[in-house]
Amino acid sequence: MREYLLVLFVAMATTFLLTGVARQIAMRYGAVAKVRARDVHKVPIPYFGGLSILGGLIAGYAVASNLPFLGNSLQVAHDARAILVGGVVICAVGVVDDLYELDAITKLAGEVLAVGVLVVQGIQLYWLPLPGGVISPSPAQLAVLTAGILLVSCNAVNFVDGLDGLAAGVTAIGATAFFIYSYLLNVHENLDRATTSTLITVALAGACLGFLPHNFFPARVFMGDSGALLIGLMLAASTISLTGQMDPNAVPYEVGGSSLLPALLPLVLPIAILAIPALDLTLAYIRRTKAGRSPFAADKQHLHHRLMQRGHSHRRAVLLMYLWTALIAYGVVVLGLVLYWWTALIVLAVAVTAVLLTTGLPGRSRKPLAKV
């Protein structure tokens with residue numbers, strides 16, 4: 001655990017220090033988020049926060065590679081390096097988009113390239129946990145499924161990146177939830193505690209936490225597509241890599257028994273972590289296509305916009321999104337690994353609190369945001 005904490009703090013400190021540099025580079029080359037009708041910010045904000053996040057991830061990996069515990073696993077070294085290579089590719093695509101605003105098809109092609117880099121290097125699903133056991137479809141089917149999950153994750157995080165600190169905070173919460181799950185599972189089942197999923201998620205959490213002081217409202221720098229696409233890819237790839245390093249028979253599958261939920265967590269938890277961004281992505285697709293518009297046509301009707309329409313302040317809307325993400329992600333971990341009446345009661349109490357805070361008016365008049 002001490003090595004993981006070291007990776008966390010190295011990634012956090014590196015990202016924090018590099019963000020100022022990335023901001024200056026963005027201003028020098030004109031990578032600035034201009035104020036548009038659908039935006040919430042009132043003044044132009046520099047992009048390129050993704051470069052500092054990538055720097056934090058690389059620094060975390062470099063430190064881990066030289067540690068006596070994490071550095072001894074060849075499998076972890078290979079898979080983590082493969083994931084970071086894909087991260088470099090998708091970050092580069094985001095940088096170009098931040099500079100020149102690529103069209104949707106060109107950007108999607110770049111995302112597919114980055115995903116292909118991961119799959120070719122062996123970062124993909126190898127089995128699927130289901131009640132009663134696991135299934136292992138053909139490698140081609142698993143590769144297609146993996147690519148789909150990675151692309152959805154990238155774009156889901158990109159869609160939710162609409163308020164200061166939102167994407168970084170949501171991703172940090174999701175990454176720590178999966179880190180806790182994978183680490184505790186390895187400890188409980190007496191498995192190797194050095195895995196790619198734990199390494200990447202702890203580094204990702206550190207990088208996002210290091211970026212938040214610069215990005216929380218009022219933001220001085222945005223992560224841009226270079227950051228949103230990157231952290232979306234890292235989050236999904238780290239969870240997917242678990243099936244490549246974990247024996248599917250290590251956790252017993254007993255339908256109706258207490259071991260069913262832990263057995264299903266490798267499948268359920270990634271979905272839970274991305275529940276809020278994925279919901280936002282799905283609603284945006286339905287809303288835009290129903291109106292006869294392109295699903296990539298931006299608007300001001302995302303979940304975080306709707307919270308502000310209800311009268312919540314910028315910061316309160318972000319904190320509410322944090323709360324819902326933590327409720328779903330940590331709730332699944334708690335109920336899956338420590339299923340007792342009191343844990344269920346705690347999760348229920350947090351859920352009720354989240355509902356009351358979300359639906360209750362914070363004491364200010366509603367000012368609907370203009371549609372575009």
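1. A contact here means heavy atoms within 4.5 Å. On that basis, Ala 168, Gly 169, Thr 171, Ala 172, Ala 175, Thr 176, Phe 178, Phe 179, Ser 182 and Tyr 183 of helix 6 meet a set of residues in helix 7. The helix 7 side of this contact consists of Ser 197, Thr 198, Thr 201, Val 202, Leu 204, Ala 205, Cys 208, Leu 209, Phe 211 and Leu 212. The model is a predicted one, and the values below should be read with that in mind.

2. On the geometry of that pair: helix 6 covers residues 166-188 and helix 7 covers residues 196-215. Their axes are 8 Å apart and the packing angle is about 150°. Angles over 145 degrees count as roughly antiparallel, and helix 6 and helix 7 are therefore roughly antiparallel to each other. Their crossing is left-handed.

3. Helix 1 (residues 2-29) packs on helix 2 (residues 49-65) at an angle of about 150°, with the axes 7 Å apart. The crossing of helix 1 and helix 2 is right-handed. From helix 1, the residues that meet helix 2 are Leu 6, Val 7, Val 10, Ala 11, Thr 14, Thr 15, Leu 18, Thr 19 and Ala 22. Helix 2 contributes Leu 51, Ser 52, Ile 53, Gly 55, Gly 56, Ala 59, Gly 60, Val 63 and Ala 64.

4. For the chain as a whole, the secondary structure comes to 14 helices and 4 strands. The protein chain has 372 residues, of which 52% count as buried. Among contacts with a separation of 6 or more, 78% join residues 24 or more positions apart.

5. How many salt bridges does the structure hold? There are 2. In one of them, the side chains of Lys 107 and Asp 97 meet at 3.7 Å, N to O. Lys 107 lies in helix 4 (residues 104-120) and Asp 97 in helix 3 (residues 74-100), so this pair ties together parts that are 10 residues apart in sequence. Both Lys 107 and Asp 97 are buried.

6. Lys 107 also forms a salt bridge with Asp 225, where the closest N and O atoms are 2.7 Å apart. Asp 225 belongs to helix 8 (residues 224-240) and Lys 107 to helix 4, so the pair ties together parts that are 118 residues apart in sequence. The cut-off for buried is under 20% relative accessible area. Lys 107 counts as buried because its relative accessibility is 17%, and Asp 225 counts as buried because its value is 11%. Through shared partners, the salt bridges join Asp 97, Lys 107 and Asp 225 into one network.

7. Which residues does the UniProt record mark as "binding site"? The entry, which is unreviewed, places that feature at Asn 158 and Asp 225. These positions are spread over 68 residues of sequence but cluster in space, the largest C-alpha distance being 6.7 Å.

8. The surroundings of the two annotated residues can be listed in turn. Asn 158 is in helix 5 (residues 139-160) and counts as buried because its relative accessibility is 14%. Leaving aside neighbours within four places in sequence, Asn 158 is in contact with Lys 107, Asp 225, Ala 228 and Leu 229. With neighbours left aside in the same way, Asp 225 is in contact with Gly 94, Asp 97, Asp 98, Lys 107, Asn 158 and Leu 230.

9. Is Ile 271 buried or exposed? Ile 271 sits in helix 10 (residues 260-273), and because its relative accessibility is 58%, it counts as exposed. Ile 271 and Ile 328 are 57 residues apart along the chain, and their C-alpha atoms are separated by 9.6 Å.

10. Leu 128 is part of strand 3 (residues 128-130). This residue is buried, with a relative accessible area of 15%. Leu 128 and Leu 142 are 14 residues apart in sequence, and the C-alpha to C-alpha distance between Leu 128 and Leu 142 is 9.1 Å.

Technical notes. Residues numbered from 1 in each chain as written. Predicted model: local features only at pLDDT ≥ 70, side-chain atom pairs only at ≥ 80, totals over all residues. Heavy atoms only, no water. Salt bridge = Lys/Arg side-chain N within 4 Å of Asp/Glu carboxyl O. Helix = DSSP H or I, 4+ residues; strand = E, 2+ residues; numbered from the N terminus. Buried < 20%, exposed > 50% of the residue type's maximum accessible area, 1.4 Å probe, protein only. UniProt positions renumbered as here; feature names shortened; annotations may be inferred. Axes fitted to C-alpha atoms, helices over the stretch in contact; angles between N-to-C directions. Parallel < 35°, antiparallel > 145°, perpendicular 65-115°, else oblique. Left-handed = near helix turned anticlockwise from the far one by under 90°.
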